[in-house]
Amino acid sequence: MAMEGAAQSEYNSSTEGIQEHSSSPRKSQSPPPSSDHEENKISIKFLLSNAEAGSIIGKGGSTISDFQARSGARIQLSRNNEFFPGTMDRIVMVSGSIDDVLKAVDLILNKLLDESYVEDGGDVGPRSKVRLVVPNSSCGGIIGKGGSVIKSFIEDSRAGIKILPQDENFPGLHDRIVIVIGTLGEQMRAIELILYKLAEDTHYVQNMNAPFPYAAYLGMNYGPPNGIGGRYPNNRYQNKMEPNSEDGNNSVTIGVADERIGLVLGRNGRSVMEISQVSGARIKISDRGDFMSGTSDRKVTITGSQRAISIAESMISKKVATVTES
């Protein structure tokens, strides 16, 4: 799906021609209605490529506005240079009642399916993959004792559900990817079951108001040096820090959004001094206007042992994550 234009948000699609691929299984097998679930607001996050995000936004924002009006849910997307750590994919957050959220997700997946597949006349719809973003602390509820809950979800929905291990390359990241594979109807049933389970998790409900707390990880994807943002080794690093490199001569540069660099610096430089003292790493922040290539992210260079750099990165990520997208 090609993108048009180079504006802050790329628009290249509209709502015309949406076909309602059957997702009826979830309607006939839905869990019993719960007034608590329906009245309370909940959110769900999942990942889309930049091209898919542009398609969901639509020309002049027409598609996303239409989907919000038709579903009653709020749909938010991360900025076009803010990716989920370890990927080149943007984050979509859908908020509202469970019914409204499911309607919006169904509209989004329907549109992407229409644009990705050509109907072949068969009775079985095409199978695709959806990647949900779920806090690590909530994954246990989806798995269940001995895997009982996730097994029941797979049997009920007939979708493939896999929870990926937490990525240890990104200190301070507490989210995991839950992959759902199947036809649209199978995916929607699986997402519904997962959403009802998450709605029972008080911690999840209370902490889903922060849409995109990943600013500290902007571009930390080991991508090409001319890519958007970056997390780049400055000497002996390759893709990962050497396990025994404790001699203090290691250095890595990460990007932090310019508008949030003050959170790292702190008043009169107190925050960055504290990070340096606690971690044992030396930290240098680029001058105003000196950005990571192709972004508006300031360069934060961290030098020290592997352990010191990991601690400093984690502390920086927590500082930046205290402010989220409105």
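1. Two strands count as paired if DSSP finds at least two bridges between them. By that test strand 4 (128-135) and strand 6 (residues 175-182) are partners, joined in the antiparallel sense over eight bridges. Helices (H or I, at least four residues) and strands (E, at least two) are DSSP runs, numbered from the N terminus.

2. Before going on, a word on what you're looking at. This is a predicted model, where local features need pLDDT of at least 70 and side-chain atom pairs count only at pLDDT 80 or more, while totals for chains, interfaces and linings use all residues. Residues are numbered from 1 along each chain as its sequence is written, and side-chain values use heavy atoms, with hydrogens and water left out.

3. Now the overall picture. The protein has twelve helices and ten strands. Of its 326 residues, 51% count as buried; buried means under 20% relative accessible area, exposed over 50%, and partly exposed in between (1.4 Å probe, protein chains only). Take contacts (heavy atoms within 4.5 Å) between residues at least 6 apart in sequence: 71% of them join residues at least 24 apart.

4. Six strands make an open sheet in the order 2-3-1-4-6-5, with antiparallel pairing. Strand 2 (74-77) and strand 5 (160-163) sit at the edges with a single partner strand each, so one side of each has no neighbour in the sheet. On average, neighbouring strands are turned by 25° against each other, direction ignored.

5. Seven of its eight residues are buried, so strand 6 is largely enclosed by the rest of the structure. Its link to strand 5 is antiparallel too, with four bridges. Lys162, meanwhile, stands opposite Ile179 of strand 6.

6. What lies across these strands? Helix 8 (residues 184-199) lies across strand 1 (42-48), strand 4, strand 5 and strand 6, and runs at about 145° to strand 6. Angles here run from 0 to 180 degrees between N-to-C directions, and axes are lines fitted to C-alpha atoms, for helices over the stretch in contact.

7. There is a helix pair to check as well. Helix 6 (residues 136-143) and helix 7 (residues 148-157) pack at about 65°, their axes 5 Å apart. Gly141, Ile142 and Ile143 of helix 6 meet Ser148, Val149 and Ile150 of helix 7.

8. On to the cores. A nonpolar core is a set of buried Ala, Val, Leu, Ile, Met, Phe, Trp, Tyr and Cys residues joined through side-chain atoms within 4.5 Å. The largest has 48 residues, and those with the most contacts inside it include Ile44, Phe46, Val94 and Val105. Apart from that core lies another, of 18 residues, with Ile275, Ile309, Ala312 and Ile316 among them. Leaving aside neighbours within four places in sequence, Val105 touches Ile44, Phe46, Val94, Met188 and Ile191.

9. Last, Gln306. Gln306 belongs to helix 12 (residues 306-320) and is partly exposed, with a relative accessible area of 21%. Gln306 and Asn249 are 57 residues apart in sequence, yet 9.2 Å apart in space, C-alpha to C-alpha.
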